[in-house]
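Please look at the sequence and the structure before reading on.

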Amino acid sequence: MTSSLVTPLKNSRVGAAVAAALCALALTSCGTEAAGGGAPAGAGARSGAARIAAPAPVATPTATPTATPTAPVGDPADDPRLTPEQQAAEIRLLELAVELAEPCAGGPPPLPPEVPPTEPDGPPPAYGEKPPADGPSGPPLAEEEPPSEKPWDFERARQETELGEVDTCVAPLHGKRIAKALDGKADADPASVEKVLRGLGYDIDYRLHGPQEVNGKVEFTLDLRFMGGELCLAGRYDGTRTSFDPYGASTEVRCTDVKRRA
């Protein structure tokens, strides 16, 4: 890595630019596309006089979003509204992902076998004789119309996907470094877990979902979809031990939108 990579990229799409710069370093699967979770939302100020009201009930976390998306989320790293600080954080996390993936990425894909030139069938045509035309004789076939594009379907896009070899290999590597920093060293509360995760480099709001307390444990989800990967990593910390559950997600939805398999 060169130090220039951590310089904020201005007027460019971070995801595409960084992926192009780092592809040669490690992953052999970087020909596919990357993705990410939702962009951080800002909070607005409230105005007007305060009114006395009954406390609102606490909502129970659910995998189904409150409003069904009508279009793919897209890669938040490509958002031109990212600040220089967000761009720099994205680059740092991508560098970390590439570093961890190096042992998982094999060598360059093998070259296809050479195909020997084919010999023409039969003797060459006589002088002045036209060679036979390739393909069947007869009138030209009518061109088939391209299939019509189906409208985007959220339920289809949110189905869990199979992880590739690199994602399957790198998931426990992320888990081990997180568990090493958490297990028995941090309190089992969201603030303590979030502090550790951000200190480890998982400090991008749209890639860190949670942490939140569920049934006495702290749960969080990391969006680690880089350069065509589909890795989402769900973690659970009970104050002593951290457990992890990797799964695949289309880049069209957030990791937390995925409908997990039973």
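How many salt bridges does the count come to? In this predicted model, the count comes to 14 salt bridges. Side chains of opposite charge can pair when their charged atoms come close.

## A pair within one helix

Arg 198 and Glu 194 form a salt bridge through their side chains, with an N to O distance of 2.9 Å. Both residues belong to helix α5 (residues 190–199), where they are four residues apart and thus separated by about one helical turn. Arg 198 is partly exposed, at a relative accessible area of 27%, and Glu 194 is partly exposed with a value of 27%.

A salt bridge of 3.5 Å (N to O) joins the side chains of Asp 223 and Arg 207. This pair links distant parts of the chain, 16 residues apart: Asp 223 is in strand β2 (residues 217–223), and Arg 207 is in the loop between α5 and β1 (208–214). Both Asp 223 and Arg 207 are buried.

Arg 260 and Asp 245 also meet in a salt bridge, at 3.0 Å from N to O. Arg 260 lies in the segment after β4 (242–248) and Asp 245 in strand β4, so the pair ties together parts 15 residues apart in sequence. Arg 260 is partly exposed, with a relative accessible area of 34%, and for Asp 245, likewise partly exposed, the value is 34%.

## A network

Through shared partners, salt bridges join Glu 90, Arg 207, Asp 223 and Arg 225 into one network.

## A buried aspartate in a loop

Asp 79 is found in the loop between α1 (14–22) and α2 (84–101). Asp 79 is buried, because its relative accessible area of 15% is under 20%. A polar atom of the Asp 79 side chain lies 2.9 Å from the backbone nitrogen of Arg 81.

Definitions and conventions
Residues are numbered from 1 along each chain as its sequence is written. This is a predicted model: local features need pLDDT of at least 70, side-chain atom pairs count only at pLDDT 80 or more; totals for chains, interfaces and linings use all residues. Side-chain values use heavy atoms; hydrogens and water are left out. Helices (H or I, at least four residues) and strands (E, at least two) are DSSP runs, numbered from the N terminus. Buried means under 20% relative accessible area, exposed over 50%, partly exposed in between (1.4 Å probe, protein chains only). A polar contact is a pair of N or O atoms within 3.5 Å; within protein, one must be able to donate a hydrogen and the other to accept it, and residues adjacent in sequence count only if both atoms are side-chain atoms. A salt bridge is a side-chain nitrogen of Lys or Arg within 4 Å of a carboxyl oxygen of Asp or Glu.
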